[in-house]
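Here's a quick briefing on a protein structure and the two ligands that come with it. Have a look at the picture first, then read on.

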Amino acid sequence: METNRRILVTGGCGFIGANFVRLLLAHQPDWRVINLDKLTYAGNLQNLEGVVEGEQYRFVKADICDASAMEALFVEEQIDLVAHFAAESHVDRSITGPAAFIQTNIVGTFTLLEAARKAWLSDTWKGNDPRFLHISTDEVYGSLGDTGMFTETTPFDPRSPYSASKASSDHLVNAYLHTYDLPVLITNCSNNYGPYQFPEKLIPLVFHNSTTGKELPIYGDGKYVRDWLYVKDHCEAIVEVLIKGKIGQSYNIGGNNEKQNLEVVTLICDTLDKKIGLPVSGAPRRELITFVKDRLGHDRRYAIDASFIREQLGWEPKVTFEEGIEKTVDWYLANQDWVGSVIDGTYLKYYEKMYG
Ligand code: NAD
Ligand code: TYD
């Protein structure tokens with residue numbers, strides 16, 4: 001693939017997007033990175049503190065649903081790569097307020113696909129061979145029982161408004177391949193964790209609550225299983241797919257790391273007890289665990305078979321779960337100001353509504 005790419009990263013101020021922008025700026029010095037983000041509650045400019053605008057990087061505050069802004073940006077910047085992260089991403093919010101998920105995840109993805117189609121499939125396109133990578137989730141495949149794993153050919157069976165909106169967007173992306181020959185790729189990844197994750201998701205929520213003496217809400221029996229992947233590993237996989245992936249292909253990305261929620265929560269508590277000592281109460285942090293009402297329609301188990309991407313592109317996760325949790329806890333301990341500042345009034349109101 002040619003160098004001197006001009007990549008549009010949508011949602012680059014969110015958790016994975018910010019890690020991805022940082023990775024690109026460090027490892028792809030020939031690429032111009034245009035980070036487009038609406039700055040919703042989940043998007044934070046602080047996630048890219050220290051990143052300076054200039055020849056290599058530009059930030060654009062915009063909504064991916066704004067068709068004229070998207071079309072103009074493709075032309076103005078001669079975008080030839082897209083890494084599309086922007087989304088509403090939290091399952092619990094999709095249960096209490098699904099409309100934003102339909103708008104951003106479905107209509108927004110459609111709007112971007114249209115902008116790419118108009119720019120890249122026009123007779124006047126003179127840029128590099130373009131590629132549109134849509135970043136999606138393993139949740140599109142539904143829920144597993146005790147055995148089995150999701151492969152690239154597992155039929156879609158989304159069960160929450162979030163996963164249904166992501167599955168819809170995956171279908172749209174595929175439709176643009178088959179109908180228009182738009183050069184698209186898709187990645188379906190398992191649960192990420194690491195720096196800059198908004199403290200409404202399980203791992204940063206447990207960090208925040210257990211360092212501030214709050215209860216650790218465990219939905220249902222806590223035996224739900226997720227396949228956890230360190231965010232840098234995910235970002236590296238995305239770069240591989242962008243550069244070497246086969247047009248039209250979906251790639252499953254996972255951590256080979258299935259854990260029950262209770263195991264995850266107790267590991268964070270114990271790691272914190274070791275690193276910063278027991279809280280003033282003298283009780284281990286795991287005693288803050290509180291079983292609460294289950295999530296509606298809670299998917300029991302996700303597990304990714306990531307052998308295809310390993311065989312085709314040579315990618316596999318490098319960071320073990322124990323190392324990843326250690327790095328993540330260290331990062332959150334060193335960045336408690338960040339945690340405080342992203343938990344704004346809006347988030348707290350939502351949190352209080354959920355947990356009282
Ligand atoms: P996030 O919620 O942390 O960040 C989403 C970003 O998108 C935010 O910066 C937000 O401001 C921006 N955004 C939202 N609506 C927008 C709009 N209409 N226009 C422009 N920007 C908008 O999400 P994340 O966890 O970083 O996830 C990124 C992507 O990866 C999502 O598409 C998600 O479905 C997918 N994914 C996430 C995980 C995970 O574990 N977090 C796993 C697999 C796939
Ligand atoms: P989450 O981080 O919201 O990711 P996802 O729903 O996309 O998998 O949740 C991870 C798991 O943790 C999921 O099984 C729900 C559970 N969970 C809790 O038990 N308590 C919580 O407070 C949260 C946020 C999640």
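Leaving out its neighbours within four places in sequence, Ile 7 is in contact (heavy atoms within 4.5 Å) with Phe 20, Leu 24, Trp 31, Arg 32, Val 33, Ile 34, Leu 81, Val 82, Ala 83 and Leu 242. Keep in mind that this is a predicted model, where local features need pLDDT of at least 70, side-chain atom pairs count only at pLDDT 80 or more, and totals for chains, interfaces and linings use all residues. Residues are numbered from 1 along each chain as its sequence is written, chains are lettered from A and ligands numbered from 1 in the order in which they are written, and side-chain values use heavy atoms, with hydrogens and water left out.

**The cores**

- A nonpolar core is a set of buried Ala, Val, Leu, Ile, Met, Phe, Trp, Tyr and Cys residues joined through side-chain atoms within 4.5 Å, and buried means under 20% relative accessible area (1.4 Å probe, protein chains only).
- The largest nonpolar core has 64 residues, and Ile 7, Phe 20 and Ile 309 have the most contacts inside it.
- Helix α1 (residues 15-27) gives the most to this core, with eight residues; helices here are DSSP runs (H or I, at least four residues), and strands are too (E, at least two), numbered from the N terminus.
- Apart from that core lies another, of 26 residues, with Ile 34, Leu 73, Val 82 and Ala 86 among them.

**Ligand 1**

- There are 28 residues around ligand 1, and Ile 16, Asp 37, Ser 89, Tyr 162 and Lys 166 come nearest; a residue counts if one of its heavy atoms lies within 4 Å.
- A backbone N or O atom of Ile 16 sits 2.8 Å from an oxygen atom of ligand 1, and a polar backbone atom of Gly 14 is 2.9 Å from an oxygen atom of this ligand.
- The protein covers 97% of the 830 Å² of accessible area (Shrake-Rupley method, 1.4 Å probe) that ligand 1 has on its own.
- Strand β5 gives the most to the shell around ligand 1, with three residues.

**Ligand 2**

- Ligand 2 is surrounded by 18 residues, the closest being Glu 139, Pro 217, Arg 226, Arg 295 and His 298.
- The side chain of Arg 226 has an N or O atom 2.7 Å from an oxygen atom of ligand 2.
- Of the 510 Å² of accessible area that ligand 2 has on its own, the protein covers 97%.
- β8 gives the most to the shell around ligand 2, with three residues.

How values were computed
Buried < 20%, exposed > 50% of the residue type's maximum accessible area, 1.4 Å probe, protein only. Polar contact = N/O pair within 3.5 Å; in protein donor to acceptor, adjacent residues only side chain to side chain.
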